[in-house]
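Open the model in your viewer and keep the selection tool at hand. Each stop tells you what to select and what is there.

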Amino acid sequence: MIRGLVSNDCFDDAVDFYSLMRSEGFLPNNFTFPFVLKACARLLDLQLGVKIHTLVVKAGFHYDVFVKTSLVCLYAKCGFLEDAHKVFDDIPKKNVVSWTTIISAYIGVGKSREAIDMFRRLLETNLVPDSFTVVRVLSACTQLGDINCGEWIHKWIMEMGMVRNIFVATSLVDVYAKCGNMEKARGVFDGMPEKDIVTWGAMIQAYALNGLPREAMDLLFQMQRENVKPECYSVVGVLSACTRLGALELGEWASGLVDRNEFLCSLIVGTALIDLYAKYGNMAWAWEVFKGMKEKDRVVWNAIISGLAMNGYVKISFGLFGQVEKKGIKPDGNTFIGLLCGCTHAGLVDEDRQYFNSMDRVFSLTLIVEHYGCMVDLLSRAGLLDEAHQMIRNMPMEANAIVWGALLGACRMHRDTQLAELVLKQLIELEPWNSRNHVLLSNIYSTNLKWDEAAMIRLSMNEKGIQKLQRCSWIKVHGIVHEFFVGDKYHPLLEKINAKLDELTKKMKVAGYIPTTDYVLFDIEEEENEHFLGCHGEKLALALGLISTPHKGSEKP
């Protein structure tokens, strides 16, 4: 009876039935103890668990491997890892389940390195781990982002012939994807003799999270060709890919692959759809999804607050933040990132300061680099460059390239070349491989007639093999995504595109527009600078949109 109750997650009833059993004078045995201890572990009832441990010893079952393993699980679940390890060490003849339990215990408290060490110890015995053990230790590699450890376990899996196991192979895909090695992740995926919807979803999500939206979409189409119906996690990956591509119609189509009631009941799909509409600027549809969701957790509220704030509906996002507090949902750091970014784009310095200061003082939240980055960005945009620079210097952690980049953008906007020079030196130290920082610093030296310094930067780039990366702009017209680079000369409609640009340029000059060429290319003449501004990838993409959809207006690049 106790076993049946525990198997059906009726843990309170199982404990009550155990108490009834004891009150009627029956003694539990080695079959009873594991189940009642599992109920205690799930209920985090350490007090009863300790009493049962005492009875285990008195009844002479303290050498039983199944009983002792259940005790390991109890202490680990209740947060007493040291006691769990003592019980584990006392097991005279450990089995695979015992080892898996202690490995899982370490993973549960974030001690992934220790979990991997325990797996190494397991391999030193004559026991062979099962697929569940391997999946658990691979999750530890994922948490650590340790691709070397993942490769070592992958090699062992190949030797043991376990790579055909769908759960093990899916976990390997996840390890490589989370470590950023999509080539190996795809290699494992393609080598799987069979794949379930979880495997497909993991691979699609991996592509989306690693900034490869096209590959995510291609995999979805392959999934459909093989008559595999996508589930929620696959659709979330596709929605993320569509968000990156700016492909709203494709995202709407993908959301239709899941029943409407299903995605309105799914927190992750609903959140992804809100994010897609918000990133595309369609807050009316994002709001409809939000209103229709059956359940709303903090992540959903964060998505709609951030979406509204980033699309200019800052005051409404402030009102929703008030509702979050009234509903008893505690805001987290992501909630405030949305609010702070909204304040930044709306130029609300006082409100931004208020939210920033309340994080620690009112909500006891730890500020991270992203929060400081939002504040630096706002102060910079507002022209308070000295205050922004001082905030960076006073940060409790090292500022990253994004924070310094926000200050750099303001330096260029407000033409503070002296501070920009200092900022760029910091950026080059943080990102020595980023050609943009070197080029901008050389631009500033050239603008200030520091020709020798500018030449040294260019010489250094050549010596280190740093090349300026070409950036591109996208626009989707009639379902086809077009890419443009600066000065692109290969598009089949280039003649019409240039004609449209010339037409727009003439109209802009008549209206009094004078192009700014200060920071384009430092080693060409002013007329060429102006020419390259006119041939910027974004302008080429916009011109294509205008000539392709003259009556409807172009889609957002």
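Start with Leu44, in the loop between α3 (32-43) and α4 (46-58). The model is a predicted one. Check the backbone here: phi of Leu44 is near 55°, a positive value in a residue other than glycine. Now show the surface. Leu44 counts as exposed, because its relative accessibility of 53% is over the 50% cut-off.

Move on to a helix pair. Select α18 (residues 267-279) and α20 (residues 298-310). Their axes are 9 Å apart, and the packing angle is about 5°. The two helices are therefore roughly parallel to each other. Show side chains at the contact. From α18, pick Leu267, Thr271, Ile274 and Ala278. From α20, pick Val299, Val300, Ala303, Ile304 and Gly307. What classes of residue meet here? Seven are nonpolar, two are polar and none is charged.

Last stop: Glu431. Select the loop between α27 (417-430) and α28 (435-447) to find Glu431. Is Glu431 buried or exposed? Glu431 is buried, because its relative accessible area of 16% is under the 20% cut-off. Now display its contacts. Leaving aside neighbours within four places in sequence, Glu431 is in contact with Ala401 and Asn437.

Conventions: Residues numbered from 1 in each chain as written. Predicted model: local features only at pLDDT ≥ 70, side-chain atom pairs only at ≥ 80, totals over all residues. Heavy atoms only, no water. Axes fitted to C-alpha atoms, helices over the stretch in contact; angles between N-to-C directions. Helix = DSSP H or I, 4+ residues; strand = E, 2+ residues; numbered from the N terminus. Parallel < 35°, antiparallel > 145°, perpendicular 65-115°, else oblique. Contact = heavy atoms within 4.5 Å. Nonpolar A, V, L, I, M, F, W, Y, C, P; charged D, E, K, R; others polar. Buried < 20%, exposed > 50% of the residue type's maximum accessible area, 1.4 Å probe, protein only.
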